[in-house]
Amino acid sequence: FVAALQEKKTFEAPPDPKTELKPADYGDTPLLNFMKTRAIERRARWEKKQSKKWSYMDQIPEEGSKRPKWFCSECGTTKNLEEDPDDRGTFYCTYCWESWESKEAPPPKTKKKHKKHNEE
């Protein structure tokens, strides 16, 4: 028994439970993975929304790859254009043209009548 006490033993610490919970790569946590996928989903929804925004303009395909000669004076598109009959050389797309036509005209201003004082 005394001989066994004379031998030096090395201390082995138990494994630290904190190190077992930490991921090997700090960029691979569940919260960061969720945030990455959420950002990708948001980006995809935004791009889908942007592509639908002016989809009605794509009804008539453009001919040629050169720069178009005419464009809408309001929004700048080059598709579905109509020339303004009052102002030749100015073009508007059908969407801008219809929105301009559908606006109500302001009511005409009434003139105030001044009363005349007759001093007779």
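Modeller: A salt bridge here is a side-chain nitrogen of Lys or Arg within 4 Å of a carboxyl oxygen of Asp or Glu. With that cut-off, and bearing in mind that this is a predicted model, the side chains of Glu-83 and Arg-88 meet in a salt bridge, with 3.7 Å from N to O. In terms of solvent accessibility, Glu-83 is partly exposed, its relative accessible area being 33%, whereas Arg-88 is exposed, at 60%. Side chains of opposite charge can pair when their charged atoms come close.

A search of the whole structure finds two salt bridges, and the other pair consists of Arg-43 and Glu-47, whose closest N and O atoms are 3.3 Å apart. Because Arg-43 and Glu-47 lie four residues apart in helix α3, which covers residues 30-53, about one helical turn separates them. Glu-47 itself counts as partly exposed, with a relative accessibility of 42%.

Turning to the pocket, the largest one has a volume of about 250 Å³, and the residues that line it include Glu-74, Asp-84, Pro-85, Asp-86, Tyr-92 and Lys-103. Cys-96, Trp-97, Ser-99 and Trp-100 are also among the lining residues, and helix α4 (residues 94-102) supplies the largest share of that lining, namely four residues. By residue class, the lining of the largest pocket divides into five nonpolar, one polar and four charged residues.

Definitions and conventions: Residues numbered from 1 in each chain as written. Predicted model: local features only at pLDDT ≥ 70, side-chain atom pairs only at ≥ 80, totals over all residues. Heavy atoms only, no water. 1 Å grid on protein atoms, 1.4 Å probe; cavity = no way out; pocket = protein on both sides within 12 Å on 5 of 7 lines; lining within 4 Å. Points joined across faces, edges and corners; volume = space filled by probe spheres on them. Helix = DSSP H or I, 4+ residues; strand = E, 2+ residues; numbered from the N terminus. Nonpolar A, V, L, I, M, F, W, Y, C, P; charged D, E, K, R; others polar. Buried < 20%, exposed > 50% of the residue type's maximum accessible area, 1.4 Å probe, protein only.
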